[in-house]
Amino acid sequence: MPLNPYNMNNTPMVTGYMVDPSDLLAVSNSCNPPVVQGIGPIHNVQNTGIASPALGMVTPKVELYEVQHQIMQSLNEFGNCANALKLLAQNYSYMLNSTSSPNAEAAYRSLIDEKAAIVLTMRRSFMYYESLHEMVIHELKNWRHQQAQAGNGAPFNEGSLDDIQRCFEMLESFIAHMLAAVKELMRVRLVTEEPELTHLLEQVQNAQKNLVCSAFIVDKQPPQVMKTNTRFAASVRWLIGSQLGIHNNPPTVECIIMSEIQSQRFVTRNTQMDNSSLSGQSSGEIQNASSTMEYQQNNHVFSASFRNMQLKKIKRAEKKGTESVMDEKFALFFYTTTTVNDFQIRVWTLSLPVVVIVHGNQEPQSWATITWDNAFAEIVRDPFMITDRVTWAQLSVALNIKFGSCTGRSLTIDNLDFLYEKLQREERSEYITWNQFCKEPMPDRSFTFWEWFFAIMKLTKDHMLGMWKAGCIMGFINKTKAQTDLLRSVYGIGTFLLRFSDSELGGVTIAYVNENGLVTMLAPWTARDFQVLNLADRIRDLDVLCWLHPSDRNASPVKRDVAFGEFYSKRQEPEPLVLDPVTGYVKSTLHVHVCRNGENGSTSGTPHHAQESMQLGNGDFGMADFDTITNFENF
């Protein structure tokens, strides 16, 4: 009766994910294990610093092309194992069909040893696969993190997702070959039970399912501040492409909206629900919330586009303390079901957090919630946990990205120093809290830092974009420093600068050196004023302004008309007292002037109001309604 080598004390046993390196060194050379470039032999893994999560080690940062090369190298060399398996199957078949011989027991033991060597090699290959899979997942997580940063305006290379997909496709090919090899090896029945091989089969099957599930992502995010009854778009992509043949019978992807609590329960508890029960878990009603996946042969993209969704209703959670609807986060939950290798697989993915609003005046605080989350969320977290304080170094980067992306020009070091002073309270700290950022009013003000900052972004984007990009607006400078800088200017009288108002939301003011050598500051202008007459034309009307003080400390003052000339509108002087025969009105023009000493009882060196005067002829003048403020949808 042949001995069962798996019951012998000197036979290597493989259990779970761990393999004793000394056992691997003793494996027969009849099946050469794959050696992945950059990883090296398994017994040196602790020296290289690269291993699978099972070994409790961290996967280092590598380039995607290196990962692709490693996967290809592993897959190619796995062919050696496939050849050995083919030879084993032939010998096994020969043994079954041959008559008894004196060498039968030795031949049988030899087959058992060869099979054990192949099992160990497959174990080792699977460990390599896990290491490579972890690297690819790490790169995908980085991509998604960059996608969140892009929500604040950071640069984002969306095209790198194609390289990540290529890695997924190669990994799928690797795990599919391994699965076929394990099944083939199980057909070589040399002993009654083979628990190690059965366990390996389960691991490989689970690895394939995990690969398929992790490749389902949101590639085009929905708007993160989402207004009810407003159309929006999003899309999901499956990075497996055509590898598994799913595209031949493309599934339909459904979408619901989940609250933060629902998302936490689903993710942390790994909730198992069928599609019918999922549809009842929605925290709102979304129209056009299903889409069939499509495969694009030319670029191997397998995706589902939702081009015309609309959130009709939303269910709010009960508020606690000072929470508001603008603090409440939701997420779109995309899911579908497909079949892979006779296994039914349910895949799902969550969008980035969204805040749902019903009115435009809720936008500023909603964008505070989203900006903070995009900037400071951990790559891996429970939905949608976020820190309540960050360092100024972290926040300054986020503010610079946000403002620069919206206005086309980054903030200077002086600008950021000014913002830091704005955020500080009595006790100075390197940390800025969420409450300081957008909850607590600034000292002696009725509005928060974020409301003030957001209003400036909106004003700049809507009414001063070209001038800000050209460096004509200093903007973030306090009143005292503005006075000091102007009085130090060698150009003296008529030197001016533009600064954002400290006291009024979305206001810009002009400070200039008056005829007495003192600094005058005009009352702030807001978006409503610029809807009547733009900023450049206002500056042109003020003859007291001669030299623009530079926003760059290393530059020199520039003549007013040189700095702002390209932004002046073309004016046509109307003929006086000419009645328009069509409208019946006399045309008028609008000009701005500053009241001199004595005109309004004020003195030089104190704030003045810039007075607007309309040069009218005979006839009526109909004033327009300028109260409407445009939406700021792109922030």
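## Close-up views of a predicted model

View 1. Strands of a sheet pair through backbone hydrogen bonds, and the pairing can be either parallel or antiparallel.

**View 2. Strand S8 and its antiparallel partners.** Which strand pairs with S8 over seven bridges? Strand S3 (residues 231-238) does so, in the antiparallel sense, and in this pairing Val236 has Ala304 of S8 as its bridge partner. Strand S5 (residues 284-287) also pairs with S8 in the antiparallel sense, here over four bridges, with Ile286 standing opposite Leu311 of S8. Strand S7 is joined to S8 by three bridges, and the two strands run antiparallel; Glu294 is the residue that stands opposite Ser303 in S8.

**View 3. The hairpin turn at His300.** S7 and S8 form a hairpin that has four residues between the two strands. His300 is found in this loop, which runs between strand S7 (294-296) and strand S8 (301-314), and its phi is positive, at about 60°, although His300 is not a glycine. Most residues other than glycine have a negative phi. Is His300 buried, partly exposed or exposed? With a relative accessibility of 36%, His300 counts as partly exposed.

View 4. Asp444 is found in the loop between helix H12 (434-438) and helix H13 (449-463). The phi of Asp444 is near 60°, which is a positive value in a residue other than glycine. Asp444 has a relative accessible area of 75% and is therefore exposed.

View 5. Pro383 and Phe384 are joined by a cis peptide bond, with an omega of about -20°. Most peptide bonds, by contrast, are trans. Phe384 has its place in the loop between helix H9 (363-376) and strand S12 (389-391).

**View 6. The largest nonpolar core.** The largest nonpolar core has 79 residues, and those that touch the most other members are Met122, Ile164, Phe168, Trp238, Met309, Leu332 and Phe334. Which helix gives the most residues to this core? Helix H4 (residues 104-150) does, with 14 residues. Because domain 1 (64-216) and domain 2 (221-359) both give residues to this core, the core lies between them. Leaving aside residues up to four places away in sequence, Ile164 touches Leu64, Val136, Glu139, Leu140, Trp143 and Leu239. There is also a second, separate core of 66 residues, which includes Ile357, Ala398, Leu459 and Ala563.

View 7. Since Trp372 lies in helix H9 and Trp434 in helix H12, the pair ties together parts that are 62 residues apart in sequence. Trp372 is buried, with a relative accessible area of 2%, and Trp434, with a relative accessible area of 18%, is buried as well. Phe403 and Trp468 form an aromatic pair that is also edge-to-face, with 5.3 Å from centre to centre and 70° between the planes. This pair links distant parts of the chain, 65 residues apart, with Phe403 in helix H10 (residues 392-407) and Trp468 in helix H14 (residues 465-469). Phe403 counts as buried at 0% relative accessibility, and Trp468 is likewise buried, with a relative accessible area of 0%.

View 8. How many disulfides does the structure hold? The number is zero. A disulfide is a covalent bond between the sulfur atoms of two cysteines. Cys167 counts as buried, at 0% relative accessibility, and Cys406 is buried too, with a relative accessible area of 10%.

Notes: Residues numbered from 1 in each chain as written. Predicted model: local features only at pLDDT ≥ 70, side-chain atom pairs only at ≥ 80, totals over all residues. Heavy atoms only, no water. Core = buried A, V, L, I, M, F, W, Y, C linked by side-chain atoms within 4.5 Å. Buried < 20%, exposed > 50% of the residue type's maximum accessible area, 1.4 Å probe, protein only. Domains from an automatic or database assignment. Contact = heavy atoms within 4.5 Å. Disulfide = S-S within 2.5 Å. Phe/Tyr/Trp six-rings, centres within 6.5 Å; stacked < 30°, edge-to-face > 60°. Pairing = 2+ DSSP bridges.
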